[in-house]
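Please open the model in your viewer and keep the selection tool at hand.

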Amino acid sequence: MTVEEVLSQAIQGEIEAHKLYSDAVEWVREEHVKGALRELAQEELGHKAALEKLQANPSQIHWEVQKLQQASVQDYKIGDHLIVKPLGPDSTFQDVCIFASRKEQQSFELYRDLAEQNEGEIRDLLEAMAKDELRHKNLVEGWYEEVIYQEF
């Protein structure tokens, strides 16, 4: 696997995630749930733009990887054991958070597993990308904690 292939596949994943969240905005009824989905879609576009920037400027990869590696990210595992429901018209904010948390977890695991199968610059890049997916998972789980846990 080359750096170009890794970045191209990651960009495609971000496009698919953006489409999923954007499409879901049309399915759900509750405006606050639509807002969360729009924000998730924007996060995916931001991630796509960052990957495209790396693709256009490969000399920046080492610096970006170092920056991501230095960031402290802890997995709180809030959504790991919750039941995921498919998104649909009756999806609640809680459903969206659980769904998104699991999706980010799957992306994290994909990049982590690919990193274990590679070495050198590609391994470093994949590990950094895994860490960034974990950061996204933390964002969603933070929403869950702020809104859903407050209801108890």
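The residues that line the largest cavity divide into five nonpolar, two polar and one charged, where Ala, Val, Leu, Ile, Met, Phe, Trp, Tyr, Cys and Pro count as nonpolar, Asp, Glu, Lys and Arg as charged, and the others, Gly among them, as polar. This is a predicted model, in which local features need pLDDT of at least 70 and side-chain atom pairs count only at pLDDT 80 or more, while totals for chains, interfaces and linings use all residues. Residues are numbered from 1 along each chain as its sequence is written, and side-chain values use heavy atoms, with hydrogens and water left out.

Select Ile78, Gly79, Leu82, Cys97, Ile98, Ser101, Glu141 and Tyr144 to see the lining of the largest cavity. On a 1 Å grid over the protein atoms alone, a cavity is a set of points where a 1.4 Å probe fits but cannot get out, a pocket is an open set with protein on both sides within 12 Å along at least five of seven lines, and lining residues have an atom within 4 Å of a point. The largest cavity holds about 30 Å³ of space, a volume being the space filled by probe spheres set on the points, which are joined across faces, edges and corners. A search of the whole structure finds one cavity of 30 Å³ or more. H4 gives the most to the lining of this cavity, with three residues; helices (H or I, at least four residues) are DSSP runs, numbered from the N terminus.

Next, select helix H4 (93-116) together with helix H5 (120-147). H4 and H5 pack at an angle of about 165°, with their axes 8 Å apart; axes are lines fitted to C-alpha atoms over the stretch in contact, and angles run from 0 to 180 degrees between N-to-C directions. H4 and H5 are therefore roughly antiparallel to each other, the term for angles over 145 degrees. H4 passes H5 in a left-handed crossing, that is, with the near helix turned anticlockwise from the far one by less than a right angle, whereas clockwise would be right-handed. The contact of H4 with H5 has 16 nonpolar, five polar and eight charged residues.

**The open pockets**

Which residues lie nearest the centre of the largest pocket? Select Ala50, Leu51, Leu54, Glu64 and Leu68, which hold that position among the 19 lining residues. The volume of the largest pocket is about 320 Å³, and H2 provides the largest share of its lining, seven residues. The lining of the largest pocket comprises nine nonpolar, four polar and six charged residues.

Finally, turn to the second largest pocket, which has a volume of about 230 Å³. Gln9, Ala10, Gly13, Leu110 and Tyr111 are the closest to its centre, of the 17 residues that line it. Helix H1 (3-27), H4 and H5 each supply at least two residues of this lining, and the largest share, seven residues, comes from H1.

Terms used: Parallel < 35°, antiparallel > 145°, perpendicular 65-115°, else oblique.
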